[in-house]
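Work through the exercises below with the sequence and the coordinates open, and try each task before reading its solution.

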Amino acid sequence: MQVNAMTIFGDLVSDLTTIFKKMKVNNLKRNFRAYIGMLLALLVLFSSCNEDKINAVETGDIIGTVVRKGTNEPIENVKISTSPVSGTAFTNVDGNFRINDVTVGDYSVEASKEGLLTSFESAKVLADGEVNVVFELDISESANSAPSTPVLTSPADGAVDVPMNQEFIWTAEDVDTDDELKYLFELKNENDNEVIMSDSISETAFSVNNLKFGTKYFWQVQVTDGINDPVFSTVSTFTTSENPNNRFHFVREDNGTSRIISSNQDGSIAFNLTEAGQNSFAPKKNNAAGQIAFLRTVGTQTHIFTSDLDGDNVQQVTNTVPVAAFNLGEVDFDWSTNGSQIIYPNFDKLYVINKDGSGLRQLYQTSDGSLISRCAWSFDGQFIALQTNDINGYNASVFTIDTGGTVLETILTGVTGAAGGIDISVDGTTVLYTYDVSGFESPSFRRLDSKIFSYNLNSDVATDLSTGKAAGTNDFDAEFSPNGANIIFVNTSNDGISIKGIYTQPIAGDGERTLIFNNASAPNWE
């Protein structure tokens, strides 16, 4: 409380004035000094009556949050302390803390927890205020162990005859179980500068398809926990199988395009002969040439290409005159036996071309304007079997011509329904073809009961080979086996959308068939 000195002083002066009026002059003179001393004492007393205010301690609060650096995840149980010392707190599950009633002033605030790097932030505390401090704590490398060296388990170091399609497998460990391990796979070969490398992956396996035949490879894996430096495995080596000279080739759909597969009969050695994203189909192997011929879409046209048996050395054969027919899904071509030439259709004409693309010439043209879809060249090179049809795929005929273009024998003509699948037996006595015996015709070229027939050129007798076919299915794309004792073909539901399968069956017998490749079409067995 503050005393109002001026008020009291005024009251005293008033009282003294009254006293002076009552006193005689001589008494005033005699006691003047005493009066003056009294007055001065009162002034000192009054001036000291202005009491000092009590000095109370002023405070504020320190609040804040602690998160993990890089992820902003809240961190619990982080110790928060200040210098000068004013109090201690620990963060809650949300990473938040509060220290109340901190004396105003400047502080250094410390956040610490085992396994994390200690962090400091400055804070200025104001009276009755809150100062907010945010910490981003990083993991302490000294408190975190690096992952173990990856161990490469498959293929084993020094392995040989490794398949073309290989899954690489490894293991790695980390004592810090909270760490997320990431791997980088790298593969090189001894023949060129090609490097196959994965993205950062969390799996301990990585698959690579279409390795090169007879090639030595080197592979390595590195692992990182995102904290310590990457740890590298040793380098492991393996060698792939020599070219297996697969006898089976077929087509499989891959993301909307056709891709050619090379395989042995049980599928244990199989690889993609052609690249993904390129529409390649109708494979034909020729053992004499040591090559595979196939069709590939080039812009708006379809051309014949060849490659080595492992898919390397791809060459385009046709150029000025493409392969063309009413339906490219129903078109075919064939090698000469010695592998030097290829015959193919272009609408109503049949052409022959050397395998290097030279020597293009026309062999035959239909007399009625019908379109050639299928062709097959006899083993001795003396005659060719053709299958023709109209623009809709119907009004089909199957017949043979000599290499001069003269028609030799008519096998099928004047029928309704679709035909296809031309091949000639190695002895030249039998022509294989397919025909929809239902006689059904539709704008969508749907077939209801397509069967395989063998036609004996000596007896002019056609034999039904589809006695084992299930009702409601079609047999397509039939060819003889290399020894002529079996046939290979496609069977699928006549709904036009079901998965196709490749089957084999003996020429003689009860027509029992064996599925050898599922989800596959356009078989070739050489």
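**Exercise 1: backbone exceptions**

Asp101 counts as exposed because its relative accessibility is 57%, where exposed means over 50% relative accessible area, buried under 20% and partly exposed in between, with a 1.4 Å probe and protein chains only. The model is predicted, so that local features need pLDDT of at least 70 and side-chain atom pairs count only at pLDDT 80 or more, while totals for chains, interfaces and linings use all residues. Residues are numbered from 1 along each chain as its sequence is written, and side-chain values use heavy atoms, with hydrogens and water left out.

Task: Where does Asp101 lie, and what is its phi?

Solution. Asp101, in strand E4 (residues 96–103), has a positive phi of about 55° although it is not a glycine; strands here are DSSP runs of E with at least two residues, numbered from the N terminus. Next take Asp460, which has a positive phi of about 60° and sits in the loop between strand E34 (450–456) and strand E35 (461–464). At 44% relative accessibility, Asp460 counts as partly exposed. Finally, turn to the peptide bonds: Ser83 and Pro84 are joined by a cis bond with omega of about 0°, and Pro84 is in the loop between strand E2 (79–83) and strand E3 (88–90).

**Exercise 2: the largest nonpolar core**

Solution. A nonpolar core is a set of buried Ala, Val, Leu, Ile, Met, Phe, Trp, Tyr and Cys residues joined through side-chain atoms within 4.5 Å. The largest such core has 28 residues, and those with the most contacts inside it include Ala293, Ile304, Phe333 and Ile342. Strands E20, E21, E22, E25 and E26 each give two or more residues to this core, and the largest share, four residues, comes from E21.

**Exercise 3: the largest pocket**

Task: Which strand gives the most to the lining of the largest pocket?

Solution. On a 1 Å grid over the protein atoms alone, a pocket is an open set of points where a 1.4 Å probe fits, with protein on both sides within 12 Å along at least five of seven lines, and lining residues have an atom within 4 Å of a point. The largest pocket has a volume of about 920 Å³, the space filled by probe spheres set on the points. Of its 42 lining residues, the closest to the centre are Gly329, Glu330, Asp477, Lys500 and Ser521. Strand E36 (473–480) is among the strands that supply at least two lining residues, and E36 gives the most, with five.
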